[in-house]
Each structure stands twice: as structure tokens, then as C-alpha cells.
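Subject: Structure handover

Hello,

Here is the structure we discussed. My notes on what was found follow below it.

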Amino acid sequence: MIIIRTMGGLGNQLQQYAIYKKMESLGKDVRMDISWFQNVDKQSSVLQQRELELDYFEGISYRVAKPEEIKGLLGRLWDEKESFVSKVQRKLFPASTPCFLESDMYHEEIFALTDKYLVGYWACEKYYADILKKLRSEIHFPKSSHAEICEKNEEAIRRMTETESVSVHIRRGDYLEGANRALYGGICTNDYYEAAIAYLKEKFPNAKFFFFSDDIDYVREHYPSEEYEMIDWNYGRDSFYDMMLMSHCKHNICANSTFSFWGARLNPHSSKIMIRPSLHRNNQVCIPEQMKELWQEWTLITPQGKVL
């Protein structure tokens, strides 16, 4: 049995679900461990508490790992505070331990595993690029219970359909706080966004840019133009409709955020251009040839504004 640890925000949850569906397509007996969302203490390392948003979607289905199945595989329930002995054993003898922790951008070996508990975020496009079309057909956003939100989103979709629409995601919020600033800050710079916008303007002079952000006031101040429209009404539990709207744009400029990665991945336009930063985190090293191989359908731009 393969059990996938499910944790983090919506983008990460979708990636873990995509790995689940990929494993399922390979004939694996697979489950998802959702216990992280049932114990707030397990989320103590993140700055914003998360909900299991996968269950909001229509068309998503998965089998939940029972506590006895997790114990049967690990010998215990998952504990974020792994013992020193267990860490050493896992690093020295990875094949002999029941837990596999993501430690690199891409691990092709996970698809040959049996009886493993997988812990990671699995952001790399190569993991599930071949099943994205199927995932798009399965993942459906429900209608908001708020009539005003539905109307605004439907009107935005109309404008996105009628124009050469481009979504632009600027994530600030938790990326400016504490350890997150060191890990995620300074990647999606002004140079990055200027280069991405210029890249698409060169190809589509009449492009219309729709901005999404957790700090929309900052965006209004820094991007004052009639060709820029701010999407500023999807808040709280309705915030995931921003991802839905991103997916209706014809092209996508992403932050170093899995939320906008999935806005682009769910975009069904066959001629779409998807742009992402060359780095996701500051503890990564960008090797252009490797990144292009792992993210084959994407345009990569560095923090300095260079198109790779």
C-alpha cells in the first residue's frame, strides 16, 4: 500500500492528490492520510492554519487512510518530530524504512515503490504531466453560496473569454513573514513581473492582465494601468475561486506559489503560455537544462528578469 501525507494549502493538496491519481493510474493500492487537517497542533510550523479544501471540489474522489493502515505501514502514526535514530536509518538505508521523504525536485523512483508512506509536496510538473488532462476533466469548482460572488465571477469569466486574458499572481502575505521571507522572498521581483508582462505583450499586444493577490492594495499602487484589472472579491472560504478564474485566462503568469501553478495547470487552452519563476524557494539551485526538462510546457524567468 502507498499512503500519501496530505498537508499544506490548496495548491499543495492538489499536488498530493495528483500524485495519488498518478499512483492509482499505475495500479497501486493507494490512500491519502488527511490527519494533518484534523489536528491543529500538527500545523504549528505554518503561519496560516489550513483546511482540507480538496473536499470543496466536485469530481474529486480518494480513499482515506485509516489509523490502523498507517500504523500497519509505519508501525506508528506519523509524527512530525522524527527521532534522530529514525532519520539516520532513513538516510543510510532508505529502502529498509517505510517512510519516503521528498528531498529533491524530482524523484522518479517513487513510482516503483510499494508499501511506503510518502511525505512531500510534489510540485514538479513531470510527476503528473501525462494525467493533467484527465485531472482537468475531474476537478470542478462548485458554485459559491453567495449570489453576488457568483455574479462577479461569471462577469470576470466573460471578460476573460472575450479578451487575450492573462492572469498575474502576486503573493505577499505570509511570504513576507518570519522564516518564509528567507525561503520564498526575493524570487518574484519587479524585474520578474516586468519581464513576464513584456514577454506576453510582445506576443499579444492587446493582452488584458487580470491581477490576483493577497495584498491587492499593494498591486493597485504598483500596477496602475487601464490594461490591468484587479480581482478583489474572493475572500475567506471563497478565495479558491481566484484559482478558478486564473484557469479561465488564456495565459498565466505565476508567483512562486503552487496556488497559481494550479490556476495554470487547470487552464484548458491548448495554446496557453504559462510563465513561472526559475526558482520556487531560495534554497534551490536553478539548472536551466534540468528545469526545462522537468517543466516542459512552461516559460521560466529568473528574478533578474531573464527568460531562460
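A definition first: a crossing is left-handed if the near helix is turned anticlockwise from the far one by less than a right angle, and right-handed if clockwise. Helices (H or I, at least four residues) and strands (E, at least two) are DSSP runs, numbered from the N terminus.

This is a predicted model: local features need pLDDT of at least 70, side-chain atom pairs count only at pLDDT 80 or more, and totals for chains, interfaces and linings use all residues. Residues are numbered from 1 along each chain as its sequence is written, and side-chain values use heavy atoms, with hydrogens and water left out.

**Helix pairs**

By the handedness rule above, α9 passes α10 in a right-handed crossing. Helix α9 covers residues 241-248 and helix α10 residues 258-265; they pack at about 40°, with axes 7 Å apart. Axes are lines fitted to C-alpha atoms, for helices over the stretch in contact, and angles run from 0 to 180 degrees between N-to-C directions. The angle therefore makes α9 oblique to α10. The classes are: under 35 degrees roughly parallel, over 145 roughly antiparallel, 65 to 115 roughly perpendicular, the rest oblique.

From α9, D242, M243, M246 and S247 meet F259, S260, W262 and G263 of α10. Contact means heavy atoms within 4.5 Å. The residues of this α9 to α10 contact divide into four nonpolar, three polar and one charged. Here Ala, Val, Leu, Ile, Met, Phe, Trp, Tyr, Cys and Pro count as nonpolar, Asp, Glu, Lys and Arg as charged, and the others, Gly among them, as polar.

Helix α5 (residues 147-162) also meets α9: their axes come within 9 Å and cross at roughly 20°. That makes α5 roughly parallel to α9. The α5 and α9 crossing is right-handed. N153, A156, I157 and M160 of α5 make the contact with Y241, M244, L245 and H248 of α9. By class, the contact of α5 with α9 has six nonpolar, two polar and no charged residues.

**The sheet**

Four strands form an open, parallel sheet in the order β2-β1-β4-β3. Strands pair if DSSP finds at least two bridges between them. β2 (30-33) and β3 (99-101) stand at the edges with a single partner strand each, so one side of each has no neighbour in the sheet. The twist averages 25° from one strand to the next.

Four bridges join β1 (residues 2-5) to β2. I2 has V30 as its bridge partner in β2, and K116 as its bridge partner in β4. Three bridges join β1 to β4. Three bridges also join β3 to β4, where F100 has L118 as its bridge partner.

In a regular strand the side chains alternate between the two faces of the sheet. Both faces of β4 are covered: K116 and L118 on one side, Y117 and V119 on the other, all buried. Buried means under 20% relative accessible area, exposed over 50%, partly exposed in between (1.4 Å probe, protein chains only).

**E164**

E164 is found in strand β5 (residues 164-170). Leaving aside neighbours within four places in sequence, E164 is in contact with F204, N206, A207, K208, K250 and H251. The C-alpha atoms of E164 and T189 are separated by 24 Å, at 25 residues apart along the chain.

Best regards
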